[in-house]
2 protein chains.
Amino acid sequence: MRDVAVIGIGMTKWGELWNKSLRDIYVETALMAMDDAGVDRIDSMYVGSMSPGVFVGQEHIASLLADYLGQAPIPSTRVETACASGGLALRLGLMEVASGMRDVVLVSGVEKMTDSTGPEATFALGTAADQEYEGYHGITFPGLYALIARAHMEAYGTTREQLAMVSVKNHRNGAKNPLAQYPFEISVAAVLQSVMIADPLRILDCSPITDGAAAAVICPVEQARKLNHPVVRITGTGHATDSISLCDRKDITWLESTYQAGRQAYAMADKKPGDIDFYEVHDCFTIAEICVMEALGIVEKGRGGEAVEHGLTALEGKIPVNPSGGLKSKGHPVGATGIAQVVEVVKQLRGEAGDRQIPNARVAMTQNMGGSGGSTVTHIFERD
Amino acid sequence: MRDVAVIGIGMTKWGELWNKSLRDIYVETALMAMDDAGVDRIDSMYVGSMSPGVFVGQEHIASLLADYLGQAPIPSTRVETACASGGLALRLGLMEVASGMRDVVLVSGVEKMTDSTGPEATFALGTAADQEYEGYHGITFPGLYALIARAHMEAYGTTREQLAMVSVKNHRNGAKNPLAQYPFEISVAAVLQSVMIADPLRILDCSPITDGAAAAVICPVEQARKLNHPVVRITGTGHATDSISLCDRKDITWLESTYQAGRQAYAMADKKPGDIDFYEVHDCFTIAEICVMEALGIVEKGRGGEAVEHGLTALEGKIPVNPSGGLKSKGHPVGATGIAQVVEVVKQLRGEAGDRQIPNARVAMTQNMGGSGGSTVTHIFERD
């Protein structure tokens, strides 16, 4: 297996992009990544997208986007595992380059969520939950994560304020990210006074509905060393599954797929949590970031809320989590999120993260999660 | 790269399976493939499915099905490229085993099309066409293939009767396949008198709406040699894209993605059309089989209709095409079709195809196509 590096990244400002279609936002972003990599052709591409069929009535986007990018007839593959589709696109591209099958591969994600002419976004997102055991009973994702939050509060004494602090921290970071959908700071009081969505979660505990894309170009490390950028290698990958319904889990506060995928990536990269300089993780709801910190071993089980309160994961903390602003502030176009995490990691490891730069960052981990934890994809990156 | 073989196949009777859900038909079929392979665990799995989100409101099926199959937390990936999703699942599984990353991988496809509580199947299938340039104007797939048929008739003198003969041949084969949705023979007259769908295509030119799944287990050839079945190696793979809209093509009678994917697989397996004992191809409409024969080089451009009329591709012909009955008679649960082609190929190469057995078959090719040819995945198989 060959070592693989990220040589180009692309991402534009996320938000409610009503004047652009799915193919527009995708091509703009993919071309940025190709420009950044200095390539005008690619050997193969992967597109992570959760549900373009339900959101905008368009499947078959792997071919559509290859064509609009001027790259047909290259092989182009769409992959899906709900909100972890972007991370999965990277994993499969990595496999293709590592195996020696192809050299220059575009890995990408896209979702157009705000201008559906069909069902509402809440319905579309609900297709990531178990339709027969969860959706049928009317529960949506804020409700599922509210159950997790309530269970975590009861089991470990996690407080309502600690949940709010996740959001406050991520907005503080996102305020320094010009590409974020909501680049402004908020206060704990603002979170606690915001409209109730599913008790105990309020709207400022929830990541937003977003249009956006993100892209990266990868190739063998040997080729990457000939280019201008600092070399960012991908040294670990993990992918694991769990029941997609909460009712089938022994303990709904524990994200087994994140634990398993984390373990795989740590082992492959020969790293442990203490070796990681910063994380980009899947904070679709505030409680998710707390559970992810525990499943990845950043803190002990049950101690996530407390760690956030004490500033462990702040930008200036010992282990920054979500310097980009996370899903909460940056936005969450579901299929694109996993690749946007890569974009942030590469900016940080190259030293190009501007006001939110983490000094001397050399090792980073991404964690991208589907549904309420039914799937997780993780990666570890290292600067040469 | 390691050589890879198919060691297990699974498929149940296809049709309108109203008493079973997507997860039921999937697990039944996947367990058959695992039983046939003699394994009770797998290292990884790929699921091809075109649009479970639109058909049954359920995305995130890779994790759902891994869990229902008792295999979580293994990595499980859904791939999509419209009706070629099944073939793509095989291609990615093949890449994973060939690269040495995993040994025993389940490749599979599933679609539950007949009991949608949401939009009708015609809308769901239409998401494989270009929504902005085709769907917006009201055209559906029978209409798109009718345009291709009319152009082929005008350019090459292909007759209405020759189109019908594709359907008659495939039903004649399918009548010998107990798993086919419509296992009965039909006549040219019956096709010509059947209800008009999109001139010149009538309903007996069109593959049906089907519920079904298909599965196969693959592993390195060295391991396969220790098992009881004759060894069926996968010696070639191809995957190519084209514009998904017909209006962007120079010649709508020519399937460029099929030509390109065919070329790749032939080159990898070091084979040419004359070396292939039989084909399983994507006859979603009668005209499709004719265009595919031409793009794969089975006949010269424009000679497909004539070749069918002269019996070249009949079960007893020189180059049998679709011994299984094809999509037309066997059914077309879109994401499962590419894997069902593998099931037929393995049965034939093992000599287990019953009344439709092709004598001394040793080399076979599958061609699985998305939309009106926006994507194609091909594979070549050889018996040791």
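**Exercises on the interface of chains A and B**

B:R78 and A:E80 form a salt bridge whose closest N and O atoms are 2.9 Å apart, a salt bridge being a side-chain nitrogen of Lys or Arg within 4 Å of a carboxyl oxygen of Asp or Glu. The model is predicted, so that local features need pLDDT of at least 70 and side-chain atom pairs count only at pLDDT 80 or more, while totals for chains, interfaces and linings use all residues. Residues are numbered from 1 along each chain as its sequence is written, chains are lettered from A in the order in which they are written, and side-chain values use heavy atoms, with hydrogens and water left out.

**Exercise 1.** Determine where A:E80 stands relative to β3(B).

*Solution.* Begin with the strands, which are DSSP runs of E of at least two residues, numbered from the N terminus. Strand β3 of chain A, residues 76-80, is joined to β3(B) by three bridges, and the two run antiparallel; strands pair if DSSP finds at least two bridges between them. Within this pairing, A:E80 stands opposite B:R78, with which A:E80 also forms the salt bridge.

**Exercise 2.** Describe the extent of the interface between chain B and chain A.

*Solution.* First, count residues in contact (heavy atoms within 4.5 Å): 58 residues of chain B meet 58 residues of chain A. Next, take the buried area, the accessible area (1.4 Å probe) that two parts lose on being put together, summed over both; here this is about 4,400 Å², with 53% given by carbon and sulfur atoms. Finally, count the salt bridges between chain B and chain A, which number six.

Notes: Helix = DSSP H or I, 4+ residues; strand = E, 2+ residues; numbered from the N terminus.
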